Amino acid sequence: MMTIKKNDCFIVEIEDMSEDGSGIGKQEGYAWFIKDTVIGDVVEAKAMKTKKSYGFARLMKVIRPSEKRIEPTCPVSRQCGGCQLQAMSYEEQLKFKERKVCQNLLRIGGFDEKELEFEPIIGMENPWRYRNKAQFPFGLDKEGGIVTGFYAGRTHTIIPQEDCLLGVEENQKILRIIKSYMREFRIQPYDEESHRGLVRHVLIRKGFRTGELMVCLVINGKDLPGVKSLTETLCSVEGMTSISFSINREKSNVIMGKEIVNLYGPGYITDYIGEIQYHISPLSFFQVNPVQTEKLYQIVSEYAGLAGKETVWDLYCGIGTISLFLAQKAKAVYGVEIVPEAIRDARENARLNGFYNVEFFVGKAEEVLPEQYEARKYFADVIVVDPPRKGCDQMCLDTIVKMGPKKVVYVSCDSATLARDLRYLCDRGFKLEKVRCCDMFAWSGHIESVTLLISDLK
Ligand code: SAH
């Protein structure tokens, strides 16, 4: 029987960490999830919420700090919902993340330690200011002043913070320009409760290679008063390339509206991953950490081991970034993606870069792949998959097995579903060759991995 009740304080040692970066401490066989703690800490915590076999507690005091603990660099790291691992040194984060992937392959995938070859995790050279995209909400503080920053974890309370250390330095300058423009023209920020006010969010993006900047204001209305003055001032920021606003009059948590009104520039910024050029408009998807994305794609390319004659399928291809990366070295690449707008971008990007050996299909991987395989007897030397967290549909895996490629390269953002899918494939003619993790999101619990499977048919 667990004797700790809600609001009780207790002392516990942190022994493990959850997928989302909360520390886990055990008390009388009961697991407590405690945010902002690190493995090895002894802490005083306050019980906030209790379930049958686990509960959530709030860190009150670190009684004996873990050797892995560091002082968080960001002053609002605890309130803000953005980072989870700011109290853990970057080196320890990498170890923790790699261990997580390894443990899931052993536990869920049932692989043997001897079968697993882990190549060293690829960390960031600089774990700060790596995001090329930020979306800041606007609101009012108690005194009625305009504030912007980040939502607190799980709520929509705005934590005022204009210089997130994961974002680019220009964010702060741009936010100040927008705030002073709003004050000058007496423009109210949007209020979710009353559905009144005009400015909801601002989207800021930067092309890391090109230095180009994009600003897109999201508004609850059809136009912006004094927009000429705003555009002029924003243009004084070095690199400013695209200014627009997006109309979003819905009562919804979705940030961007569908309609974009262009104010300045071509409607997009340009950036690169490797040698491939991309036009990025306010609504297009683009990887937020382009430096690590390039490294991730290099692992994919190395694992695919293309010599120029291969036929490759890229399932869950998004805007076709992996497809184009591999098309440089393959005979033909076929991409499949469920979101039609992403496929439109993928085709546009193929044209922009002069690739004629790629073809894209809109639809579910588990439907398009079997259809194309049955109808046109498509074949594959290499199949790359990069599914969302829930992993691959069984129909998709069954078709991969039927097609019998020499190699499958599995890019994963969730090692639990990765382990499940790898087990399925390894029971049906594939062999696990090697795994490599690549960190795309320092200070968060997320980890990306690439696994190479080779055909094991005797
Ligand atoms: N490979 C891309 C994107 C991977 S994210 C990149 O590197 O940028 C996973 C993608 O899978 C998303 O674009 C999502 O829209 C898509 N997706 C989700 N379910 C799908 C399904 N059943 N079939 C095909 N694509 C799917």
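Contact here means heavy atoms within 4.5 Å. The model shown in every view is predicted.

**View 1. Helix α8 packs against helix α9.** Residues Q394, L397, D398, I400 and V401 of α8 meet D421, Y424 and L425 of α9. By class, the contact residues divide into 5 nonpolar, 1 polar and 2 charged. Two packed helices are described by the angle between their axes and the distance between the axes. For α8 (residues 394–403) and α9 (residues 415–426), the axes come within 10 Å and cross at roughly 35°. The crossing is right-handed.

View 2. I400 is found in helix α8. Is I400 buried or exposed? I400 counts as buried, because its relative accessibility is 0%. Leaving aside residues up to four places away in sequence, I400 touches L315, L369, I383, V385, P405, V408, L425 and F430. One of these, L315, belongs to β16, where L315 points one way along with T311 and W313. Another, L425, is among the α9 residues in the contact with α8. S229 lies elsewhere: its C-alpha atom is separated from that of I400 by 56 Å, and the two residues are 171 apart along the chain.

View 3. The 12 residues of α7 (residues 365–376) should span 16 Å at 1.5 Å a residue, and the end C-alpha atoms are 16 Å apart, which agrees. Buried residues in α7 are A365, E366, V368, L369, P370, Q372 and Y373. An α-helix has 3.6 residues a turn, so residues three or four places apart point the same way. K377 follows α7 and has a positive phi, near 50°.

View 4. How many of the 5 residues of β16 are buried? The count is 5 of 5, and the strand is mostly covered. T311, W313 and L315 point one way, V312 and D314 the other way, and all are buried. β16 pairs with β17 in the parallel sense over 5 bridges. W313 stands opposite Y334 of β17.

**View 5. The open sheet of 8 strands.** The strand order is β6-β21-β22-β20-β19-β16-β17-β18, with mixed pairing. β6 (118–122) and β18 stand at the edges; each has a single partner strand, so one side of each is left without a neighbour in the sheet. From one strand to the next, the twist averages 15°. At one end of the order, β6 runs parallel to β21 (residues 430–438), joined by 3 bridges. Here I122 has C438 of β21 as its bridge partner.

**View 6. Helices lying across the sheet.** Helix α1 (residues 90–107) lies across β6 and β21 and runs at about 145° to β6. Helix α6 (residues 340–352) lies across β17 and β18 and runs at about 170° to β18.

**View 7. The closed barrel of 5 strands.** The barrel runs β1-β2-β3-β5-β4, and its pairing is mixed. Its twist averages 50° from one strand to the next. β1 (residues 9–17) and β4 (residues 42–50) run antiparallel, joined by 5 bridges. V12 stands opposite V43 of β4.

Key
Residues are numbered from 1 along each chain as its sequence is written. This is a predicted model: local features need pLDDT of at least 70, side-chain atom pairs count only at pLDDT 80 or more; totals for chains, interfaces and linings use all residues. Side-chain values use heavy atoms; hydrogens and water are left out. Axes are lines fitted to C-alpha atoms, for helices over the stretch in contact, and angles run from 0 to 180 degrees between N-to-C directions. Helices (H or I, at least four residues) and strands (E, at least two) are DSSP runs, numbered from the N terminus. A crossing is left-handed if the near helix is turned anticlockwise from the far one by less than a right angle, and right-handed if clockwise. Ala, Val, Leu, Ile, Met, Phe, Trp, Tyr, Cys and Pro count as nonpolar, Asp, Glu, Lys and Arg as charged, and the others, Gly among them, as polar. The expected span of a helix is 1.5 Å times one less than its number of residues. Buried means under 20% relative accessible area, exposed over 50%, partly exposed in between (1.4 Å probe, protein chains only). Two strands pair if DSSP finds at least two bridges between them.
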